[in-house]
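Subject: Structure handover and notes

Hello,

Please find the structure below.

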Amino acid sequence: MKNKKIIFITGVAGMLGSELIKKLLSPKNIIIGVDNFKLGKKKFIKNYLEAKNFHFFNIDLSKKIIHKLKFLKNIPFDFESMGTQKFKI
Ligand SMILES: NC(=O)c1ccc[n+]([C@@H]2O[C@H](COP(=O)([O-])OP(=O)(O)OC[C@H]3O[C@@H](n4cnc5c(N)ncnc54)[C@H](O)[C@@H]3O)[C@@H](O)[C@H]2O)c1
């Protein structure tokens, strides 16, 4: 867990996002993906939804900042133990 990279992909169900997840999903990475399906499609990410190192959130990132950050509390790992204290949102 300690040496894993945390990668945040916005628009993960879109064209570029779904290509990124295809390239980046590996045991070395934890991917946090966000999309509101406004333009994206579930079919682009359905093969990854069961992956234990992929966490998907159906969220509209244009909403207020508090809404953007609330969902991070639900991610089941401890950022500090991963040495990511310097990581700022
Ligand atoms: N290579 C190809 O076959 C191909 C096909 C189509 C498009 N393209 C190119 O891809 C580019 C577009 O790709 P893209 O990935 O930037 O766009 P995209 O529209 O494919 O993806 C954007 C994603 O962001 C999501 N999104 C938008 N607003 C959001 C919000 N407020 N909160 C959360 N999610 C939100 C959308 O639902 C969508 O899934 C264009 O340049 C286009 O020309 C290439």
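Helices (H or I, at least four residues) and strands (E, at least two) are DSSP runs, numbered from the N terminus. By that rule the chain has two helices and three strands, and read from the N terminus its elements follow the order β-α-β-β-α.

Two points on the source. This is a predicted model, in which local features need pLDDT of at least 70 and side-chain atom pairs count only at pLDDT 80 or more, while totals for chains, interfaces and linings use all residues. Residues are numbered from 1 along each chain as its sequence is written.

Confidence

pLDDT is the predictor's confidence in each residue, from 0 to 100. The chain averages 80, and 69% of the residues score at least 70. Confidence is highest in α1, at a mean of 96, and lowest in helix α2 (residues 65-70), at 59. Over residues 82-89 the pLDDT stays under 50, and the model has ten contacts for them beyond four places in sequence. Here two residues are in contact if their C-beta atoms, placed from the backbone, lie within 7 Å.

Strands and core

Strand β1 (residues 5-10) pairs with β2 in the parallel sense over six bridges; two strands pair if DSSP finds at least two bridges between them. In this pairing, Lys5 stands opposite Asn29 of β2.

A residue is buried if 20 or more other C-beta atoms lie within 10 Å of its own, exposed if 12 or fewer, and partly exposed in between, with C-beta atoms placed from the backbone. Buried residues make up 15% of the 89 residues in the chain. β2 is mostly covered, with five of its seven residues buried.

A nonpolar core is a set of buried Ala, Val, Leu, Ile, Met, Phe, Trp, Tyr and Cys residues joined through C-beta atoms within 7 Å. The largest one has nine residues: Ile9, Val12, Ala13, Ile21, Ile30, Ile31, Val34, Ile45 and Phe54. β2 provides the largest share of this core, three residues. Setting aside neighbours within four places in sequence, Ile9 is in contact with Gly17, Leu20, Ile21, Ile31 and Gly33.

The loop between β2 and β3

Phe37 lies in the loop between β2 and β3 (54-58). Its phi is near 60°, a positive value in a residue other than glycine. Phe37 counts as exposed because 12 other C-beta atoms lie within 10 Å.

Tyr48 is found in the loop between β2 and β3 as well. With 17 other C-beta atoms within 10 Å, Tyr48 is partly exposed. Beyond its neighbours within four places in sequence, Tyr48 is in contact with Ile21, Leu25 and Phe54. The C-alpha atoms of Tyr48 and Ser18 are separated by 9.7 Å, although these residues are 30 apart along the chain.

Regards
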